[in-house]
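Subject: Structure handover and findings

Dear colleague,

Please find below the structure I promised to pass on to you. My notes on what was found in it follow directly after.

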Protein chains: 2
Amino acid sequence: MSETGPPVVVVLGDDRPPLLERLGQAARLRQVTQKGLREALAEADVLLVWDFLTDALPEAWPEHGGPRWVHTASAGVDRLIFPALIDSDAVITNSRGVFERPIAEYVAGLVLAMAKDLPGTYDLQRSQIWRHRETERVAGTRAVVVGGGPIGRATARLLSALGLRTALVARTAREADPDFGRVHGFGELPRLLPEADWVVSAAPLTDETADMFDAATFGRMKRGARFINVGRGPLVVEDDLVAALREGRLGGAALDVFREEPLPGDSPLWQTPGLLVSPHMSADTHGWLEDLAEVFLSNFERWVSGRPLHNIVDKKLGYVPVAAADTPKIEEGM
Amino acid sequence: MSETGPPVVVVLGDDRPPLLERLGQAARLRQVTQKGLREALAEADVLLVWDFLTDALPEAWPEHGGPRWVHTASAGVDRLIFPALIDSDAVITNSRGVFERPIAEYVAGLVLAMAKDLPGTYDLQRSQIWRHRETERVAGTRAVVVGGGPIGRATARLLSALGLRTALVARTAREADPDFGRVHGFGELPRLLPEADWVVSAAPLTDETADMFDAATFGRMKRGARFINVGRGPLVVEDDLVAALREGRLGGAALDVFREEPLPGDSPLWQTPGLLVSPHMSADTHGWLEDLAEVFLSNFERWVSGRPLHNIVDKKLGYVPVAAADTPKIEEGM
């Protein structure tokens, strides 16, 4: 750890983040990959986890000391919640504010694509076949969005705007929510699932949410309902999802996140009928890297001047509690 | 024409509409195809154009007399606006109220599919390739919806709900519109097109709108903008659209309607890069035939009891004027 001079900011990742040249003399920047990580952490004041899919941190974390502040260019912090970091004094912050709207739009696009059978239309176009089909109206159908954080909330709001009757399900039930009235608790899922035409997973990965979408959950869903996961891969027991699709219990599904990423080339998921596979990209719209850099830079300014940081993760919960509504507003351009 | 007894209702089409058994003794139903049309029209009081893609009417229309009321199971009435029918005393009504919401959803789905590159994702999935791409945020982008009727309005409303900055363009400019504030006139298109990221054609086919999307129109659009047609095929000069796509002026397009339908198997449109082809199905969600039958039955009840009909088409304009806002509300299930 540096005793004098500007703080040492270690950036973990293969790629250099944009905009960090703005730091100028205010920080000593060190870009490292997994290779130099252990040595860099020993002298780091701040760690910016730019490659947020890295699994390198637990092994490289110093036994004593280490960065006082860890910021991740992601919403989920599941890869940062390892014992040594939890037990340390380090503050963890995430990139809440960047991903909500793009992910909500992506989910809305998937819902409409499935309802209107766009995949079927692409296949028929490829074969130059004109075959009229009746499709589905989404207005009035029922959606359950699991995940009470900003991504789940933004998704539920946008599905509501499309006319879906949308229930938001969070770890803890809440009344008098300004957007949704009642927010349901995880315990109410068994009652809500049989009514839903759409079930969207947008929850953080925690001990409580791991494997929550398994055979039992899919078994409670309405026959023909659709499932979408934009949360984290390990929320879903992938074999159970494939089985539910194959036996026709589910009418379709879309996964943007997977237990193993990149999804191996020989995974059966690629060719499961009725399943759309996309490469963890729902949040990543043009400019997202700049947006992520801005979130870090704004927090860095707060850190050096001793003001409270935005987006502080509750290490025990594994996410930023909603009550900590100090997230800087990202312009939605409206 | 029948002089006594229940009115003769001629249904034109290969398929029998649902629900018409409800008419019971209140009508004498005759189902005909192109073949028996001329004879049937001579004794018809009412013509229900169930096969709304037929071109058989102009030739079969009687020189004198003919049905007093013609109802079409469509929104567009372009196939009914031929001189003999215009000059006749027959009232024309359409099926306004059935198609708005499904078409609006379909357009929203196309916008999101293009912004999120779903076609690219399908192609990569088929090849089992994990390739992350950055996509587009739709919130804050600009859409121009051409067509001030209920379909254009519903589409513009839904795109606005998705966060697009949406301008509605109609034949006649209007101020103080309850939904949109200002509705622009066709004359303002040259000014609006260069700003738009999305241009949606949802206009009726009239002398004024035929061929309105041609090389000149595409030439005014922003480089990389997308074009969607859910109106009628002849609004678009298809060769000009293909050229605009091939030279990269347009970033993508989707056509649900065509100058010739079904689109011939050897049309170059099927394989034009960046063009989505669907078989005139944007409006047709499960239950649409029942909805169409309900619209006719409700109007039939009004007709036999001498009350004013809903959805009366202005024969000169070629559509139901918006001011005639007597359209029965179709439940959106919200």
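Contact, as the word is used throughout this email, means heavy atoms within 4.5 Å. This is a predicted model, in which local features need pLDDT of at least 70 and side-chain atom pairs count only at pLDDT 80 or more, whereas totals for chains, interfaces and linings use all residues. Residues are numbered from 1 along each chain as its sequence is written, chains are lettered from A and ligands numbered from 1 in the order in which they are written, and side-chain values use heavy atoms, with hydrogens and water left out.

I begin with how the two chains are arranged. When the copies are superposed by least squares on the C-alpha atoms of residues with pLDDT of at least 70 in both, chain A can be laid on chain B with an RMSD of 0.1 Å, by a turn of 180° and a shift of 0.0 Å along the axis. The two copies are thus related as by a two-fold rotation axis. Of the interface residues of chain A, 100% are also interface residues in chain B, so the copies meet through the same surface.

At that interface, 65 residues of chain A are in contact with 65 residues of chain B. The size of an interface is often given as the accessible area lost when the parts come together; here buried area is the accessible area (1.4 Å probe) that two parts lose on being put together, summed over both.

A salt bridge is taken as a side-chain nitrogen of Lys or Arg within 4 Å of a carboxyl oxygen of Asp or Glu, and 4 of them are found across the interface of chain A and chain B. In one salt bridge, Arg126(A) pairs with Asp123(B), the closest N and O atoms being 2.5 Å apart. A polar contact is a pair of N or O atoms within 3.5 Å (within protein, one must be able to donate a hydrogen and the other to accept it, and residues adjacent in sequence count only if both atoms are side-chain atoms), and across this interface there are 32 residue pairs in polar contact, both at pLDDT 80 or more. Among the elements that each supply at least two residues of the side of chain A that touches chain B are helix H4 (100-115) and strand S13 (275-277), and the largest share, 9 residues, comes from H4(A). Helices (H or I, at least four residues) and strands (E, at least two) are DSSP runs, numbered from the N terminus.

Within chain A, an automatic or database domain assignment gives domain 1 (8-98 + 286-304) and domain 2 (100-277). The C-alpha centres of domain 1 and domain 2 of chain A lie 31 Å apart, and the contact takes 9 residues from domain 1 and 7 residues from domain 2. The area buried between these domains of chain A is about 610 Å², of which carbon and sulfur atoms give 50%. On the domain 1 side, Asp78(A), Arg96(A) and Val98(A) lose the most area to domain 2, together 53% of what that side buries. Between the two domains of chain A the count is 1 salt bridge. The side chains of Arg232(A) and Asp78(A) meet in a salt bridge at 2.8 Å, N to O, and both residues belong to a network of salt bridges that also links Asp55(A) and Arg79(A).

Over all chains the count comes to 40 salt bridges. One of them joins Arg22(A) to Glu294(A), with the closest N and O atoms 3.1 Å apart. Arg22(A) lies in the loop between strand S1 (8-12) and strand S2 (28-32) of chain A and Glu294(A) in helix H10 (residues 288-304), so the pair ties together parts that are 272 residues apart in sequence. Buried means under 20% relative accessible area, exposed over 50% and partly exposed in between (1.4 Å probe, protein chains only); Arg22(A) is exposed at 52%, and Glu294(A) is partly exposed at 35%.

Lastly, Glu188(B) is placed in the loop between strand S9 (181-185) and helix H7 (189-192) of chain B, and at 16% relative accessibility Glu188(B) counts as buried. The side chain of Glu188(B) makes a polar contact of 3.0 Å with that of His184(B), and reaches the backbone nitrogen of Gly185(B) at 2.8 Å.

With best regards
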